[in-house]
Amino acid sequence: VTSQTYTGLFGVVDGGSVTDLKVGQDGDKWTITGTANAGTAIAPVVAFAKGGAQITACTNNVDIDFKATNNHEALLMLSGIVARSTGATIGATGAACVNNGDIVITEILNKKNQLNGVNMGGICGHAEIDKATNITACVNNGHMACPTGRGGGICGSFLNGKMSACTNNGLVEDGTQYKSDAKGYDYKRMGGLAGATDAAAVIDG
């Protein structure tokens, strides 16, 4: 990922739509190496969805094993479906997006839990504050683990938009038990649905 900001089957979807797509099968895994610079977004389906993009009825079965370098205070976004969203629609009633992939980080240099840290979610890593992201009827079955940053079963940082009728069945944890040295990390922000929210975000049902 050293020279690639957006890594996914679709790197950037701007105003378009991705629907009825299945990525991978049980047991498939991406191992990420190199250097993840600030703003790196990684997701098997769409790395960055913006401009009213619609991502519906998509399923991810690919695990992400992150072994790259992510330096301190360099924003990193990871997800099973959409890593970064600005004004996108993810899922819909009768057209759910489902993540079955695990995302596990065991060692990382970036120790921040804010918007310059790791933002990880089963369906969306980071829903930005600039424009509303709507996440509807989505399901996460994946395991989300990282010793720092923000982690949510559905979205790591959900700052603007509406999340409704979503279900998380996956384990969300700080992941420090996987590290050789658990000391020196900032506190972790975690949630079954969202790791962090803001005043413009609504979670309903």
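1. The protein chain has 0 helices and 24 strands. Both are DSSP runs numbered from the N terminus, with helices being H or I of at least four residues and strands being E of at least two. Please keep in mind that this is a predicted model, where local features need pLDDT of at least 70 and side-chain atom pairs count only at pLDDT 80 or more, while totals for chains, interfaces and linings use all residues. Residues are numbered from 1 along each chain as its sequence is written, and side-chain values use heavy atoms, leaving out hydrogens and water.

2. Now for the overall form. A compact globule of 205 residues would have a radius of gyration near 17 Å, and the 15 Å of the protein chain agrees with that. This radius is taken over C-alpha atoms, and the globule rule is 2.2 Å times the number of residues to the power 0.38. Along its principal axes, the C-alpha trace spans about 45 × 35 × 30 Å.

3. How much of the chain is buried? Buried residues make up 54% of the 205 residues; buried means under 20% relative accessible area, exposed over 50%, and partly exposed in between (1.4 Å probe, protein chains only). Among contacts (heavy atoms within 4.5 Å) with a separation of 6 or more, 83% join residues 24 or more positions apart.

4. Let's look inside. The largest nonpolar core has 27 residues, and Val46, Ile81 and Phe158 are among those with the most contacts inside it. Such a core is a set of buried Ala, Val, Leu, Ile, Met, Phe, Trp, Tyr and Cys residues joined through side-chain atoms within 4.5 Å. The elements giving two or more residues to this core include strand 3 (17–23), strand 7 (54–60) and strand 20 (155–164), and strand 20 gives the most, with 3 residues. Apart from this core lies another, of 16 residues, among them Ile32, Phe66, Ile108 and Met120.

5. Ile135 is also one of the residues with the most contacts inside the largest core. Leaving aside neighbours within four places in sequence, the partners of Ile135 include Ile90, Cys124, Phe158 and Met163.

6. Finally, where does glutamine 114 lie? Glutamine 114 is in the loop between strand 13 (103–105) and strand 14 (118–121), and is partly exposed, with a relative accessible area of 38%. Beyond neighbours within four places in sequence, glutamine 114 is in contact with Asn119 and Arg150. Glutamine 114 and lysine 188 are 74 residues apart in sequence and 9.4 Å apart in space, C-alpha to C-alpha.
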